[in-house]
Amino acid sequence: MEICRQNEALEIRELDPFLAELLRQIPESAQPKDSPAAEERLFSPPAAPEEKVLCAEWKLYVVPELRRLFQSATETVREDLQQLRCTDKPFANCTLRIPMAHADAWLSALNQARLAIAATYQFSDHELCDHYRSPLGSRRDLSLFQVNFYGFLQEFILREMEGND
Amino acid sequence: MPAIEKQEATSEEIEMPWNVIVHNDPVNLMSYVTMVFQRIFGYPRERAEKHMLEVHHNGRSILWSGVRERAELYVQQLHGYLLLATIEKIG
(Lines give C-alpha, C1' and ligand atoms only; values in the text may rest on other atoms or scores of the structure.)
Protein backbone atom coordinates (compact mmCIF):
# COMPACT_ATOMS: atom_id res chain seq x y z
CA MET A 1 0.00 0.00 0.00
CA GLU A 2 1.19 3.47 -0.83
CA ILE A 3 -0.38 6.64 0.50
CA CYS A 4 0.43 10.11 -0.75
CA ARG A 5 -0.88 13.60 -1.39
CA GLN A 6 -1.85 14.33 -4.97
CA ASN A 7 -2.82 18.00 -5.34
CA GLU A 8 -6.17 18.42 -3.58
CA ALA A 9 -6.60 14.77 -2.69
CA LEU A 10 -5.06 11.91 -0.78
CA GLU A 11 -4.40 8.80 -2.78
CA ILE A 12 -4.13 5.33 -1.37
CA ARG A 13 -2.59 3.18 -4.10
CA GLU A 14 -1.69 -0.48 -4.40
CA LEU A 15 -4.40 -1.25 -1.90
CA ASP A 16 -4.54 -5.02 -1.54
CA PRO A 17 -7.94 -6.75 -1.22
CA PHE A 18 -7.56 -7.27 2.55
CA LEU A 19 -6.94 -3.58 3.34
CA ALA A 20 -9.56 -2.54 0.78
CA GLU A 21 -12.06 -4.71 2.64
CA LEU A 22 -11.12 -3.10 5.96
CA LEU A 23 -11.74 0.31 4.39
CA ARG A 24 -15.11 -0.85 3.04
CA GLN A 25 -16.04 -1.77 6.60
CA ILE A 26 -15.60 1.78 7.96
CA PRO A 27 -19.25 2.89 7.60
CA GLU A 28 -20.61 -0.29 9.12
CA SER A 29 -18.05 -0.32 11.94
CA ALA A 30 -19.02 3.25 12.80
CA GLN A 31 -22.62 2.22 13.51
CA PRO A 32 -22.93 0.99 17.10
CA LYS A 33 -26.14 -0.96 16.32
CA ASP A 34 -26.04 -4.00 18.61
CA SER A 35 -23.32 -2.76 20.92
CA PRO A 36 -24.57 -0.81 23.93
CA ALA A 37 -20.93 -0.15 24.93
CA ALA A 38 -20.24 1.48 21.57
CA GLU A 39 -23.47 3.49 21.73
CA GLU A 40 -22.54 4.68 25.20
CA ARG A 41 -19.07 5.73 24.07
CA LEU A 42 -20.20 7.62 20.95
CA PHE A 43 -22.97 9.37 22.87
CA SER A 44 -21.38 9.87 26.27
CA PRO A 45 -23.15 11.91 28.98
CA PRO A 46 -22.31 15.63 29.26
CA ALA A 47 -22.08 15.67 33.05
CA ALA A 48 -22.08 13.50 36.17
CA PRO A 49 -25.24 11.40 36.71
CA GLU A 50 -26.36 13.77 39.51
CA GLU A 51 -27.10 16.37 36.83
CA LYS A 52 -30.25 14.48 35.91
CA VAL A 53 -32.06 17.28 34.08
CA LEU A 54 -29.05 18.21 31.98
CA CYS A 55 -28.38 14.58 31.04
CA ALA A 56 -32.05 14.00 30.13
CA GLU A 57 -32.24 17.15 28.01
CA TRP A 58 -28.98 16.20 26.33
CA LYS A 59 -30.40 12.86 25.25
CA LEU A 60 -33.50 14.56 23.94
CA TYR A 61 -31.99 17.48 22.03
CA VAL A 62 -28.25 17.04 21.53
CA VAL A 63 -27.86 13.32 20.85
CA PRO A 64 -30.10 13.35 17.73
CA GLU A 65 -28.05 16.26 16.38
CA LEU A 66 -24.78 14.40 17.03
CA ARG A 67 -26.24 11.31 15.40
CA ARG A 68 -27.03 13.34 12.27
CA LEU A 69 -23.53 14.86 12.28
CA PHE A 70 -21.86 11.44 12.54
CA GLN A 71 -24.19 9.95 9.93
CA SER A 72 -23.41 12.72 7.46
CA ALA A 73 -19.64 12.08 7.81
CA THR A 74 -20.17 8.35 7.38
CA GLU A 75 -22.24 8.91 4.23
CA THR A 76 -19.48 11.01 2.65
CA VAL A 77 -17.00 8.22 3.35
CA ARG A 78 -19.40 5.60 2.02
CA GLU A 79 -19.66 7.53 -1.26
CA ASP A 80 -15.86 7.83 -1.56
CA LEU A 81 -15.57 4.10 -0.94
CA GLN A 82 -17.67 3.37 -4.02
CA GLN A 83 -14.35 3.60 -5.87
CA LEU A 84 -13.32 0.32 -4.24
CA ARG A 85 -16.10 -1.73 -5.74
CA CYS A 86 -13.68 -3.17 -8.33
CA THR A 87 -16.24 -5.85 -9.16
CA ASP A 88 -14.61 -6.78 -12.45
CA LYS A 89 -11.31 -7.76 -10.79
CA PRO A 90 -12.12 -8.80 -7.22
CA PHE A 91 -8.50 -9.68 -6.29
CA ALA A 92 -6.75 -6.80 -8.02
CA ASN A 93 -5.13 -3.95 -6.09
CA CYS A 94 -7.19 -0.73 -6.10
CA THR A 95 -6.65 2.99 -5.70
CA LEU A 96 -8.74 5.21 -3.47
CA ARG A 97 -8.84 8.96 -3.94
CA ILE A 98 -10.02 11.05 -0.97
CA PRO A 99 -10.61 14.73 -1.78
CA MET A 100 -9.08 17.00 0.89
CA ALA A 101 -12.52 18.62 1.20
CA HIS A 102 -13.68 15.28 2.67
CA ALA A 103 -10.81 15.07 5.18
CA ASP A 104 -12.97 16.10 8.16
CA ALA A 105 -15.62 13.53 7.27
CA TRP A 106 -12.95 10.83 7.05
CA LEU A 107 -11.44 11.81 10.39
CA SER A 108 -14.87 11.62 11.99
CA ALA A 109 -15.87 8.30 10.41
CA LEU A 110 -12.52 6.70 11.23
CA ASN A 111 -12.81 7.95 14.78
CA GLN A 112 -16.38 6.69 15.14
CA ALA A 113 -15.30 3.29 13.87
CA ARG A 114 -12.22 3.08 16.12
CA LEU A 115 -14.13 4.14 19.23
CA ALA A 116 -17.07 1.83 18.50
CA ILE A 117 -14.83 -1.18 17.88
CA ALA A 118 -12.63 -0.47 20.92
CA ALA A 119 -15.70 -0.07 23.16
CA THR A 120 -17.29 -3.25 21.83
CA TYR A 121 -14.15 -5.34 22.43
CA GLN A 122 -13.10 -3.46 25.57
CA PHE A 123 -9.47 -3.33 24.46
CA SER A 124 -7.01 -2.59 27.24
CA ASP A 125 -4.47 0.26 27.00
CA HIS A 126 -1.78 -2.40 26.59
CA GLU A 127 -3.58 -3.98 23.62
CA LEU A 128 -4.12 -0.62 21.96
CA CYS A 129 -0.36 0.01 22.06
CA ASP A 130 0.39 -3.38 20.51
CA HIS A 131 0.88 -2.39 16.88
CA TYR A 132 2.59 -5.61 15.90
CA ARG A 133 -0.05 -8.18 16.72
CA SER A 134 -1.07 -10.28 13.73
CA PRO A 135 -4.66 -9.75 12.57
CA LEU A 136 -5.00 -13.45 11.81
CA GLY A 137 -5.45 -14.98 15.25
CA SER A 138 -9.08 -14.23 16.06
CA ARG A 139 -11.92 -11.79 15.40
CA ARG A 140 -10.60 -9.78 18.35
CA ASP A 141 -7.10 -9.59 16.81
CA LEU A 142 -8.57 -8.53 13.49
CA SER A 143 -10.61 -5.80 15.19
CA LEU A 144 -7.51 -4.54 17.00
CA PHE A 145 -5.68 -4.42 13.68
CA GLN A 146 -8.64 -2.49 12.23
CA VAL A 147 -8.42 0.09 15.06
CA ASN A 148 -4.69 0.55 14.46
CA PHE A 149 -5.01 0.68 10.67
CA TYR A 150 -7.72 3.33 10.90
CA GLY A 151 -5.52 5.22 13.39
CA PHE A 152 -2.65 5.17 10.90
CA LEU A 153 -4.93 6.70 8.25
CA GLN A 154 -6.10 9.34 10.72
CA GLU A 155 -2.48 10.29 11.46
CA PHE A 156 -1.76 10.66 7.76
CA ILE A 157 -4.86 12.79 7.13
CA LEU A 158 -4.03 15.01 10.13
CA ARG A 159 -0.48 15.52 8.89
CA GLU A 160 -1.72 16.52 5.47
CA MET A 161 -4.34 18.87 6.93
CA GLU A 162 -1.65 20.52 9.03
CA GLY A 163 0.42 20.99 5.91
CA ASN A 164 -2.54 22.85 4.43
CA ASP A 165 -2.70 25.44 7.25
CA MET B 1 -17.10 58.00 56.27
CA PRO B 2 -14.69 56.02 54.11
CA ALA B 3 -15.60 55.95 50.49
CA ILE B 4 -16.91 52.64 49.29
CA GLU B 5 -15.21 51.59 46.16
CA LYS B 6 -17.69 50.49 43.60
CA GLN B 7 -16.76 47.21 41.98
CA GLU B 8 -18.47 46.17 38.85
CA ALA B 9 -18.47 42.56 37.85
CA THR B 10 -19.47 41.35 34.46
CA SER B 11 -22.42 38.99 34.29
CA GLU B 12 -19.97 36.29 33.20
CA GLU B 13 -18.02 36.72 36.45
CA ILE B 14 -21.18 36.60 38.53
CA GLU B 15 -22.37 33.38 36.98
CA MET B 16 -19.05 31.63 36.73
CA PRO B 17 -19.55 28.27 38.27
CA TRP B 18 -18.84 25.74 35.45
CA ASN B 19 -15.74 24.00 34.14
CA VAL B 20 -15.41 22.26 30.78
CA ILE B 21 -13.42 19.08 31.40
CA VAL B 22 -11.95 16.69 28.88
CA HIS B 23 -11.27 13.16 30.09
CA ASN B 24 -8.66 10.71 28.88
CA ASP B 25 -9.52 7.89 26.55
CA PRO B 26 -6.92 5.56 25.12
CA VAL B 27 -8.30 5.55 21.57
CA ASN B 28 -8.28 9.17 20.43
CA LEU B 29 -4.94 10.12 18.91
CA MET B 30 -2.87 12.78 20.67
CA SER B 31 -2.46 14.75 17.45
CA TYR B 32 -6.23 14.63 16.88
CA VAL B 33 -7.01 15.86 20.40
CA THR B 34 -4.55 18.74 19.97
CA MET B 35 -6.19 19.74 16.67
CA VAL B 36 -9.65 19.68 18.28
CA PHE B 37 -8.55 21.96 21.14
CA GLN B 38 -7.06 24.40 18.65
CA ARG B 39 -10.22 24.43 16.55
CA ILE B 40 -12.79 24.71 19.31
CA PHE B 41 -11.05 27.02 21.77
CA GLY B 42 -8.79 28.79 19.32
CA TYR B 43 -5.79 27.92 21.49
CA PRO B 44 -2.32 28.19 19.99
CA ARG B 45 -0.64 24.84 19.38
CA GLU B 46 1.53 24.98 22.54
CA ARG B 47 -1.45 25.58 24.81
CA ALA B 48 -3.52 22.92 23.07
CA GLU B 49 -0.66 20.45 23.47
CA LYS B 50 -0.27 21.33 27.15
CA HIS B 51 -3.95 20.48 27.75
CA MET B 52 -3.70 17.33 25.65
CA LEU B 53 -0.72 16.13 27.72
CA GLU B 54 -2.56 16.99 30.93
CA VAL B 55 -5.46 14.81 29.78
CA HIS B 56 -3.03 12.04 28.84
CA HIS B 57 -1.03 12.09 32.09
CA ASN B 58 -3.60 13.19 34.68
CA GLY B 59 -6.73 11.70 33.15
CA ARG B 60 -8.43 15.08 32.74
CA SER B 61 -7.88 18.73 32.01
CA ILE B 62 -9.99 21.84 32.55
CA LEU B 63 -10.22 23.46 29.13
CA TRP B 64 -12.41 26.41 29.94
CA SER B 65 -14.40 27.95 32.82
CA GLY B 66 -17.37 30.25 32.61
CA VAL B 67 -21.10 30.51 32.24
CA ARG B 68 -23.09 27.33 31.95
CA GLU B 69 -24.65 28.00 28.56
CA ARG B 70 -21.31 28.49 26.86
CA ALA B 71 -19.78 25.56 28.72
CA GLU B 72 -22.58 23.32 27.42
CA LEU B 73 -21.95 24.55 23.90
CA TYR B 74 -18.25 23.70 24.18
CA VAL B 75 -19.07 20.22 25.47
CA GLN B 76 -21.46 19.71 22.57
CA GLN B 77 -18.72 20.70 20.12
CA LEU B 78 -16.22 18.40 21.85
CA HIS B 79 -18.70 15.52 21.63
CA GLY B 80 -19.08 16.33 17.94
CA TYR B 81 -15.38 15.46 17.67
CA LEU B 82 -15.99 12.37 19.83
CA LEU B 83 -13.93 13.50 22.82
CA LEU B 84 -15.03 12.54 26.31
CA ALA B 85 -16.05 15.88 27.77
CA THR B 86 -18.26 16.99 30.65
CA ILE B 87 -19.25 20.15 32.44
CA GLU B 88 -18.81 20.39 36.18
CA LYS B 89 -19.93 22.98 38.68
CA ILE B 90 -17.01 24.74 40.36
CA GLY B 91 -16.85 24.26 44.12
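Helices (H or I, at least four residues) and strands (E, at least two) are taken here as DSSP runs, numbered from the N terminus. The model is predicted, so that local features need pLDDT of at least 70 and side-chain atom pairs count only at pLDDT 80 or more, while totals for chains, interfaces and linings use all residues. Residues are numbered from 1 along each chain as its sequence is written, and chains are lettered from A and ligands numbered from 1 in the order in which they are written.

**View 1. Chain B and its elements.** Chain B has four helices and three strands, which run α-β-α-α-β-α-β from the N terminus on. A residue is called buried if 20 or more other C-beta atoms lie within 10 Å of its own, exposed if 12 or fewer do, and partly exposed in between, with C-beta atoms placed from the backbone; by this count, 31% of the 91 residues of chain B are buried. Two residues are said to be in contact if their C-beta atoms, placed from the backbone, lie within 7 Å. Among the contacts in chain B between residues at least 6 apart in sequence, 69% join residues at least 24 apart.

**View 2. Helix H2 of chain B and the residue that follows the helix.** Helix H2 of chain B covers residues 30–41, and its twelve residues should span 16 Å at 1.5 Å a residue, which agrees with the 16 Å between its end C-alpha atoms; the expected span is 1.5 Å times one less than the number of residues. Within H2(B), the buried residues are B:Tyr32, B:Val33, B:Thr34, B:Met35, B:Val36, B:Phe37 and B:Ile40. An α-helix has 3.6 residues a turn, so residues three or four places apart point the same way. Just after H2(B), B:Gly42 adopts a positive phi of about 70°.

**View 3. B:Phe41 in helix H2 of chain B.** B:Phe41 belongs to helix H2 of chain B and counts as partly exposed because 17 C-beta neighbours lie inside 10 Å. When its neighbours within four places in sequence are left aside, B:Phe41 is in contact with B:Leu63 and B:Trp64. The C-alpha atoms of B:Phe41 and B:Tyr81, which are 40 residues apart along the chain, are separated by 13 Å.

**View 4. The crossing of helices H2 and H3 of chain B.** The axes of H2(B) and helix H3 (residues 45–58) of chain B come within 8 Å and cross at roughly 130°, which makes H2(B) oblique to H3(B). Such axes are lines fitted to C-alpha atoms, for helices over the stretch in contact, and angles run from 0 to 180 degrees between N-to-C directions; those under 35 degrees count as roughly parallel, over 145 as roughly antiparallel, 65 to 115 as roughly perpendicular and the rest as oblique. On the H2(B) side the contact is made by B:Met30, B:Val33, B:Thr34, B:Phe37 and B:Gln38, and on the H3(B) side by B:Arg45, B:Ala48, B:Glu49, B:His51, B:Met52, B:Val55 and B:His56. These residues divide into six nonpolar, four polar and two charged, where Ala, Val, Leu, Ile, Met, Phe, Trp, Tyr, Cys and Pro count as nonpolar, Asp, Glu, Lys and Arg as charged, and the others, Gly among them, as polar.

**View 5. The contact between chain B and chain A.** This contact takes 16 residues from chain B and 19 residues from chain A. On the side of chain B that touches chain A, H2, helix H4 (68–80) and strand E3 (84–89) each supply at least two residues, and H4(B) gives the most, with five residues. By class, this side of chain B has nine nonpolar, five polar and two charged residues.

**View 6. Chain A and its crossing of helices H4 and H5.** The secondary structure of chain A comes to seven helices and three strands, and buried residues make up 28% of its 165 residues. The axes of helix H4 (residues 52–80) and helix H5 (residues 103–121) of chain A come within 8 Å and cross at roughly 105°, and H4(A) and H5(A) are therefore roughly perpendicular to each other. The contact is made by A:Phe70, A:Ala73, A:Thr74, A:Thr76 and A:Val77 of H4(A) and by A:Ala105, A:Trp106, A:Ser108, A:Ala109 and A:Gln112 of H5(A). By class, the residues of this contact divide into six nonpolar, four polar and no charged.
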